[in-house]
Amino acid sequence: MRMLRTGRWITAIALALLAGVYVRALVYTPVERTQGLAQKIFYLHVPAAIWAEAAMVLVGLASIFYLFLKDPRLDRFAAASAEAGTVFAAIVLTTGPIWGKPIWGTWWSWDARLTFTLFLFLLYVGYLLLRGAVADPASRARFAAVVGICGMCLVPFIHFSVYMFRTLHPMPIVLQPGPPKLPGTMLITWLLSLGVFTLLYVGFVVQRYALSYLNEQLEAAGEGL
């Protein structure tokens, strides 16, 4: 219960900080010259995209170690990270079209990066559905680990898709070879937002890990009775 309360506090603090970051983005950060106010979604969209991908990488790594060590804590962490990643992927797929409509003139394009990101979201959903469909804990963890590893293998294709394919999606301007191409004020706002999303990820994972542990304890107590 202490872990669950800690996760809730971390999440609440992160959400409050996110509101503050967006006040900074809207009021104190310059308007981008060519995209106008639509570019402000950048401070929400890009950190969410980074953590949608990073969460799946962590799912995959935890899954690999689980297959060797059979430690249920690794499976719990993988499941918690997948749930957090699903939230971030949903944010990406929501904010992307809102940003793209005024810039590209369309809500959706079967652009390589967009398509791979949609695949990532569907993998997250499939991962969670699989966990809910398999009753045996050992089989559930083993099958989910395979899906998690597959999801991790997709992440490099998402990041490098803008280099591998002709794409509407802009090239990276922060996570790229060389220094970031953002002006200082915009870069600071983006870094603050990335820090807040990192805190959100931690808060989500701590809560979901604690709930998974409590559910396992209740299931074990029910079997014992």
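How many of the 225 residues of the protein chain count as buried? The share is 44%, and the legends below walk through a predicted model of this chain.

Figure 1. Let us start with the overall picture. The protein chain has six helices and zero strands. Read from the N terminus, its elements follow the order α-α-α-α-α-α. The radius of gyration is 19 Å, close to the 17 Å that the globule rule gives for 225 residues, so the chain is as compact as a globular protein of that length. Its C-alpha atoms fill a box of roughly 65 × 40 × 30 Å along the principal axes. Among contacts with a separation of 6 or more, 76% join residues 24 or more positions apart.

**Figure 2. Helix 2 beside helix 3.** Here you can follow helix 2 (residues 42–69) and helix 3 (residues 72–104). Their axes come within 7 Å and cross at roughly 155 degrees. Because angles over 145 degrees count as roughly antiparallel, helix 2 is roughly antiparallel to helix 3. The crossing of helix 2 with helix 3 is left-handed. What kinds of residues make up this contact? They divide into 24 nonpolar, six polar and one charged.

Figure 3. Lysine 70 is not a glycine, yet it has a positive phi of about 55 degrees.

**Figure 4. Helix 4 packed against helix 5.** This view shows helix 4 (residues 112–133) and helix 5 (residues 137–164), whose axes are 9 Å apart. The two helices pack at an angle of about 170 degrees, and they are therefore roughly antiparallel to each other. On the helix 4 side, the residues to look for include Phe116, Phe119, Leu120, Leu123 and Tyr127. Facing them in the contact are residues of helix 5, including Phe143, Val147, Leu154, Phe157 and Val162. This contact of helix 4 with helix 5 consists of 14 nonpolar, five polar and three charged residues.

**Figure 5. Helix 2 crossing helix 5.** Helix 2 returns here with another partner. How do the axes of helix 2 and helix 5 cross? They come within 7 Å and cross at roughly 140 degrees, which means that helix 2 is oblique to helix 5. Helix 2 passes helix 5 in a left-handed crossing. From helix 2, the contact includes Glu53, Met56, Val57, Gly60 and Ile64. From helix 5, Ala141, Arg142, Gly148, Met152 and Val155 are among the residues taking part. In this contact of helix 2 with helix 5, 15 residues are nonpolar, five are polar and two are charged.

**Figure 6. Valine 57, a residue of helix 2.** Let us finish with a single side chain. Valine 57 lies in helix 2. Phenylalanine 77 is 20 residues from valine 57 along the chain, and their C-alpha atoms are separated by 12 Å.

Methods:
Residues numbered from 1 in each chain as written. Predicted model: local features only at pLDDT ≥ 70, side-chain atom pairs only at ≥ 80, totals over all residues. Heavy atoms only, no water. Axes fitted to C-alpha atoms, helices over the stretch in contact; angles between N-to-C directions. Helix = DSSP H or I, 4+ residues; strand = E, 2+ residues; numbered from the N terminus. Parallel < 35°, antiparallel > 145°, perpendicular 65-115°, else oblique. Left-handed = near helix turned anticlockwise from the far one by under 90°. Nonpolar A, V, L, I, M, F, W, Y, C, P; charged D, E, K, R; others polar. Rg over C-alpha atoms; globule rule 2.2 N^0.38 Å. Buried < 20%, exposed > 50% of the residue type's maximum accessible area, 1.4 Å probe, protein only. Contact = heavy atoms within 4.5 Å.
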